Amino acid sequence: QVQLVESGGGLVQVGGSLRLSCATSGRTFSRNDMGWFRQAPGKEREFVAAISWTGGSTVYAEPVKGRFTISRDNAKNILYLQMNSLKPEDTAVYYCATDRLLFRVQLPTRESEYDYWGRGTQVTVSS
């Protein structure tokens, strides 16, 4: 059974940092691009960042560029999201997901390009 489990969320003050992890099991995703999305209260889920299966390419949504860093450890089957300089507008449930295709030319940024999803971890940034 395929599972993606996010962890590392919590309550942090403005300007603080958190590192999210996404542990995968049930099959290997070492050849799948992976991504992070988030959903704030009353809003649609939105793309945050994606990383290629090698870890050599990344793409970020404009609101998080320069503050968030996506990375992965294929040996441990873990995806990470380092979040720095957090703002109240970063408050959301954060989800990790796996690309439904292998060896995609461009990193996936749309929900429809992903198949397996975690249940999410809550990040709350207080002012």
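Modeller: Ser 85 is partly exposed, because its relative accessible area is 41%; buried means under 20%, exposed over 50% and partly exposed in between, with a 1.4 Å probe and protein chains only. The model is predicted, so local features need pLDDT of at least 70 and side-chain atom pairs count only at pLDDT 80 or more, whereas totals for chains, interfaces and linings use all residues. Residues are numbered from 1 along each chain as its sequence is written, and side-chain values use heavy atoms, with hydrogens and water left out.

Although Ser 85 is not a glycine, its phi is positive, at about 50°. The residue belongs to the loop between strand 8 and strand 9; strands (E, at least two residues) and helices (H or I, at least four) are DSSP runs numbered from the N terminus. Phe 103 has a positive phi of about 55° and is not a glycine. Its place is the loop between strand 9 and strand 10, and its relative accessible area of 45% makes Phe 103 partly exposed.

Four strands form an open sheet in the order 1-3-8-7 with antiparallel pairing, where two strands pair if DSSP finds at least two bridges between them. Strand 1 (3-7) and strand 7 are the edges; each has a single partner strand, so one side of each lacks a neighbour in the sheet. From one strand to the next the twist averages 15°, with axes taken as lines fitted to C-alpha atoms (for helices over the stretch in contact) and angles running from 0 to 180 degrees between N-to-C directions.

Within this sheet, six bridges join strand 3 to strand 8 in the antiparallel sense, and Ala 23 has Ile 78 of strand 8 as its bridge partner. Thr 24 lies in strand 3 and counts as buried because its relative accessibility is 10%. Apart from residues up to four places away in sequence, Thr 24 touches Gln 3, Leu 4, Phe 29, Met 34 and Asn 77; contact means heavy atoms within 4.5 Å. Gly 118 is 94 residues from Thr 24 in sequence, yet their C-alpha atoms are 8.9 Å apart.

Strand 7 and strand 8 pair over six bridges, again in the antiparallel sense, and Phe 68 faces Met 83 in strand 8. These two strands make a hairpin with four residues between them, and in the turn Asn 77 has a positive phi of about 60°.

In the largest nonpolar core, which has 32 residues, Trp 36, Leu 81, Met 83 and Tyr 94 touch the most other members; a nonpolar core is a set of buried Ala, Val, Leu, Ile, Met, Phe, Trp, Tyr and Cys residues joined through side-chain atoms within 4.5 Å. Strand 3 (18-25), strand 7 (68-73), strand 8 (78-83), strand 9 (92-102) and strand 11 (121-126) are among the elements that give two or more residues to this core. Strand 5 contributes the most, with five residues. Beyond its neighbours within four places in sequence, Tyr 94 has contacts that include Trp 36, Phe 37, Phe 68, Leu 81 and Met 83.

Phe 37 brings in the aromatic rings. Rings of Phe, Tyr and Trp (its six-membered ring) pair if their centres lie within 6.5 Å, and planes under 30 degrees apart count as stacked, over 60 as edge-to-face and the rest as tilted. By this rule there are six aromatic pairs. Phe 37 and Phe 47 are edge-to-face, because their ring centres are 5.6 Å apart and their planes stand at 75°. This pair links distant parts of the chain, with Phe 37 in strand 4 (residues 32-39) and Phe 47 in strand 5 (residues 46-51), ten residues apart. Phe 37 counts as buried at 1% relative accessibility, as does Phe 47 at 13%. Phe 37 and Tyr 114 form an edge-to-face pair, with 5.1 Å between centres and 85° between planes. Since Tyr 114 lies in strand 10 (residues 114-117) and Phe 37 in strand 4, the pair ties together parts 77 residues apart in sequence. Tyr 114 counts as buried, at 2% relative accessibility. Ring pairs link Phe 37, Phe 47, Tyr 114 and Trp 117 into a cluster.

Arg 45 lies over the face of Trp 117, 3.9 Å from the ring centre; a charge sits over a ring if NZ of Lys or CZ of Arg is within 6 Å of the ring centre and within 35 degrees of the ring normal. The charged end of Arg 45 sits over the ring of Tyr 95 as well, 4.8 Å from its centre.
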